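Here are my notes on this one, as promised. Have the model open while you read.

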Amino acid sequence: MGIRVENLQKSYGTEEVLTGLDLDIPDGTFFSVVAPTGAGKTTLLRIMAGIESADGGTVYYDGRDMSTVAVQDRSVGMVYQEFVNYPSLTVRENLASPLEVSDKNYSRDEINQRVEETAKMLKIDHILNNLPEEVSGGEAQRTAISRALIKEPDYLFMDEPLANLDYKLREQLRSDFERLFSEQDTTVIYATPQAGDALAMSTHIGYLHEGKLIQDAPRDEIYFRPRSLPVAEYLGEPPMNLVTGTLVEDATERYFELRDGTRITAGSATGAFPALDAGHDYQIGFRPQDMVYLNGQDAAQAHGEDTVLNMDLAFVETVGSTSTLHLDYDGRELYALNAGPVHASPGAALSFSLDPEKLYIYDAESGDLIAAGNKIPSFTQK
Amino acid sequence: MKKQYYLILFLVLLMVPIYWMLNMSFKPNSEILQQLTFYPHEFTLKNYQEILSSEFWRSGYINSISMALMNVTFVTITALPAAYAFSRWNFRGDKHLFFWFLTNRMAPPAAFMVPFFILYSNFNLIDTYWAVALAHCLFNLPLAIWILEGFMSGIPKEIDEMAFLDGHSFPSFVWNIFLPLITPGIAVTAFFTFMFSWVELLLARTLTNEAAQPITVTLTRSLGAGGWDWGVLAAAGVLAMVPGAIIVYLVRDLLATGFSMGRV
Amino acid sequence: MKQRPWLFLLPALLLVSISAFIPLMTVMNYSQLTLLPGTQPYFAGLENFVAILQDPAFQGALGRQFLFSFLVLITEIPLGLALALCMPKDGPGVGVSLVLLGIPLLIPWNVVGIIWRVFTRSDIGVLPEVFDWVGVTYNVSQFTGDAWWTVLAMDIWHWTPLVVLICYAGLQAIPEEFYMAAKIDRASPWKTFRYVTLPNLRGVLIIAVLLRLMDSFKIYAEPFVLTGGGPGSATTFLSTYTSRMAIGGFQMGRGAATSLIYFFIVILLSFVVYIIMLNLGQGAGNDS
Amino acid sequence: MAEIEVRDIRHVYDQGSPDETVAIERINLTLQDGTANALLGPSGCGKTTLLQIISGLLQPTEGHILIDGEDVTDKPPAERDIAQVFQFPVIYRSMDVYGNLAFPLRNGGVPEAEIESRVHRISELLELDDILHSSPSNLGPELNQLVALGRGIIRADTSAILFDEPMTDVEPSRKLTIRRRVKEAQQEFGITALYVTHDQHEALTFAEQVAIMKDGNLVQYDTGENLYQSPVNTFIGHFIGSPGMNLLECGLSQENGDPHAHLGPHQVPLDSALAPRLDLGWTDCHVGIRPSSVTVQVAEPHEDTGYLPATVDQVEMLGGFQIITATLDHTDVEVKARVAHDFAIDEGASVWLSFPPSDIRFFHDHEAIPA
Amino acid sequence: MLSFPPEWMQWTLPTVLFLGFIAAMLVGLTLWDIKDPGWARQGLLPIDTTRGDRVFMGLLLTGCTFCLWMLFFSQTAVWGVLLVGAVLVAGSISFL
């Protein structure tokens, strides 16, 4: 059943934040709402949790209209970007607090036991007797999460909980979350501007754009089949590359002709992309990791089927074994990922081969996905 | 640090008049009137004795303290929910209402003394603690709302939301979570309310006669009476400063927190 | 749910209606009446207002009031700010300074008057004696000039500490990074003050100016005790004038009209100052 | 443009008082002229303290700072000609963007004409042209930070520019672009730069050489590639890389003259060049292997090819690639491996892993044993 | 003493009219705001003002005019200020 949201509207002053948003979150999923800062993710979460009221529209939990149900009577938890804990209570009292006011009338022992268990699970059992201001940022946030989890809410809302944490800690918690929540029945609704975080943890992802969810789907589906340009550009680190090309069809082959005359084969051998019209402009998308960097000799013997793209290197960033190449092409900034360092200086012309089976074709006007070549590896539903 | 000498100089100048009064309070009238001495040559506690043994002066202190405490109670109880409303919710006209409250802080007591007198006469409240305690709400309530609103706005709204999400009812949230957090704010508010009530003269004088006359009024009346008992007057002035000092001492830690987190 | 804020405001609104609103309405009514003791009130229209506005004593008190508040602001605010800048940032000096600064604020206002009266009286005060040594005649109850600057000095003595405390709290709240950046950018001490300290203290200064303006406009007890408004009417300010009108004068209608005009001027002035201060230095000036 | 030398710097906060804390134990570091450097470490490792000591905002307890060989330890920041950009945007609110950018130049007495040309150069580089005359209060933290960055790089006479986590307030999707602009400016003007961050990605992309600090000590100062390939200890191995190096506790044995590491019942051959440096009696040994170096195979390999059987616990999609966490069968040793973004794998599946000997690093007592 | 309105308040017609006018204005502004929310904007003054601010400024201006009029012309044609006031308030709402 889960949470269903219908036609949600909200504005602050003259600024419309949500404009008729619809959403379905199945029970037991880890659902990420992804969007840049200021797009209304926080508002959406707050309305769903019942902290804020909407201007219009309805939120259902398990099919029940929640508009008249007070927050206290909902089985929800919330974790904020700032580490929100009760400053005057110790970590232990913080954790115990939701249980003490619960109408289930827990006994002292039960409360203690659950506090210990939860603290152990989130690795904060060593700081139970400290005040929140005495612990590190990571521990404070774990405390906030523990307090949200301890009463085993049906729905847990998390609003960029990792944003204010150190990089390494974020990596660690991201991994912990994925494990923790795949074992719990709690449905998690997670807001983040970081595509990477969402992809790492979620089972489902929704992309919020101009007040609506323009796509919400299981994680692999939205990553491998981004239905429109904004989703394609956002969900990926670095983002998907997009170039404009015109479809040309002649007696022997079909190909996209780019502005600089490069031809990208339109999969004649496999019969892909049937629904395209010759003479039209398309946005052709491909992921940076699908661009294969060709060293000098490789370029000469590139695979016959593959398309070769020539671009000017603007800038290289090498982190560990991966180099991110910033490329200037047709007035746009494109990216390519390469395993291993690239020894070339800015301004050098580089060649890349591209598998025509891994292209995404978008309508140049509407921005809608027309065809995608990349296969979806598996649709694991958790 | 050279610039700190200026501060020290100012602090010294600040203390001179106070020292003069203190100095006077330990002198007999003869010494006061006859010669200029920078410390009491004939040290005496007679002035203090006279005050502490006189019913007239003693009741002045008791009246003052009772009125100020009553006023603090009224103000704190009403200002807390109002400040909460201003700090937590946006509602139509909130800014204007807030400004209107503040205009009452601006209101000159002199402009209100006549209607106050008539109003309280009609309820037979003249010369009771009630009259003065209620009248002082005129300027203390806005001040209290203003200070408390500052403190409350410094506490993230998310704390409230967390508490409600955790299942706290509103009273439980206020009692267990919110009040402990706002204690410094309440202390600062109570301090200022008490002080302003304690030092006010005009309304207190208008609304009281013999029975409920606070110390400030006693002081001016005895001054006007022409007795010119300077030693006693100085001693009374020194004693009038004592309650303020005691309160500051009691809430000094909270005041420090208050100064750093709120507006004053 | 939507009316919840009003529920919370209800007690305060009730209290204010007793302590402010009903009295204010009463003043309004009275201001249009001729109220002579022992006779029926009769409607006088705007007569009281005209009489007050055209009363030279009122005009004099109003003029003195403006001059006094103006002098108070231009001395206490810069002085307070300068002293706050002289305060140590940490260490034992802070506590001592704060306590000493707090003392004048804790003294009942008429005791302030008494302190200064015994300090400046010609028969028992130390100040006249000191002036005598220097060879200057000084007498508060005789010379207008002496009375004026003594009242002013008393107000500075009494209230500058408040300005220092407010400014000090504001200074403490300026993030250290701003000063670090100014150092890195080679800003001179004056430029650091002009571009870092002042802009960041704006809100605090608004509060200080408003508080001092409002309170100096209401000043009553201190000059009343110190000089009794004299010599002559040299230190009669609006509050003194109003209270005389209301209690001492026999016509309560006049007193009410004075109160209304008084209140109106205070609100008007505070509003104007508030608006000006709020927008001062807000625009994008490119001064170097 | 200068070389900066940090010599024997030690710093203690509140020395002599009960809450005395040592922020920097003892650090020696030389930043070459015109290079981009980063100072990387977890929160509270002392990196901001070191930065402030270099810029002169803080006097070190002991040691010296040398700029181009000249001891500047006792000089105030203004005389060191060092620019610094702070974590949150420090903006002079009463001036517009132009005034903010021009401020350090005006304080240095630069003629107005030159100021104008430099401001325009910088605003072009950082794309601030459109907002030059707006008030910064209305621009939001991100643009404010760009202005603050511009104020840092505008001075022609800066010997160095220091960045203190400048990207904290910048929208994630914009970091890439802004970092690129800063880097380009640094290269164009040939400024010696030091960039403090806790984000290894930022450090490694910005800097040619990265200094890693931990608990007030400098652990390793090296190029990104060396930090990644040859970490000096397990801390660096774990800290650098996302996720960090797999550090697997192991036993040690020698078979046919070749060293082997034991992971439970499994044996992993080590580089034979290591053999003379190993002592079979060692305990507390770790093999380290980068997730990207682990080869993952789904189909059961032929026998004796060195593949270790494992079961997948967790699959994380990280945008550009996936990370699988697998437990080696019959052990509780967890190994992370990096696979392509379209590699099809499910949790619970059986996989076979292999560790190429040349990519294995060996640690004893958490220190690397070089081959 | 318990009569309503209390006798000592000495209600006069102008006060009733004045307060009634203020109350009507508050109600009117509230209704107007519900129907057509007015946001802060900048007019002749270089500051952001809401509708309520502008009405308040108009009233203050009217008050000033009243005082100055009575100071210089006594009660001569003082009702004329009401007209001036109406213009001032309307003008403030639209232009300030």
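1. Between chain D and chain A, 15 residue pairs are in polar contact, both at pLDDT 80 or more. A polar contact here is a pair of N or O atoms within 3.5 Å; within protein, one must be able to donate a hydrogen and the other to accept it, and residues adjacent in sequence count only if both atoms are side-chain atoms. On the side of chain D that touches chain A, α6(D) gives the most, with six residues (helices are DSSP runs of H or I, at least four residues, numbered from the N terminus).

2. Keep in mind that this is a predicted model, where local features need pLDDT of at least 70, side-chain atom pairs count only at pLDDT 80 or more, and totals for chains, interfaces and linings use all residues. Residues are numbered from 1 along each chain as written, chains are lettered from A and ligands numbered from 1 in written order, and side-chain values use heavy atoms, without hydrogens and water.

3. Two salt bridges cross the interface of chain D and chain A, counting a side-chain nitrogen of Lys or Arg within 4 Å of a carboxyl oxygen of Asp or Glu. One of them pairs E317(A) with R179(D), at 3.2 Å from N to O.

Key
Helices (H or I, at least four residues) and strands (E, at least two) are DSSP runs, numbered from the N terminus.
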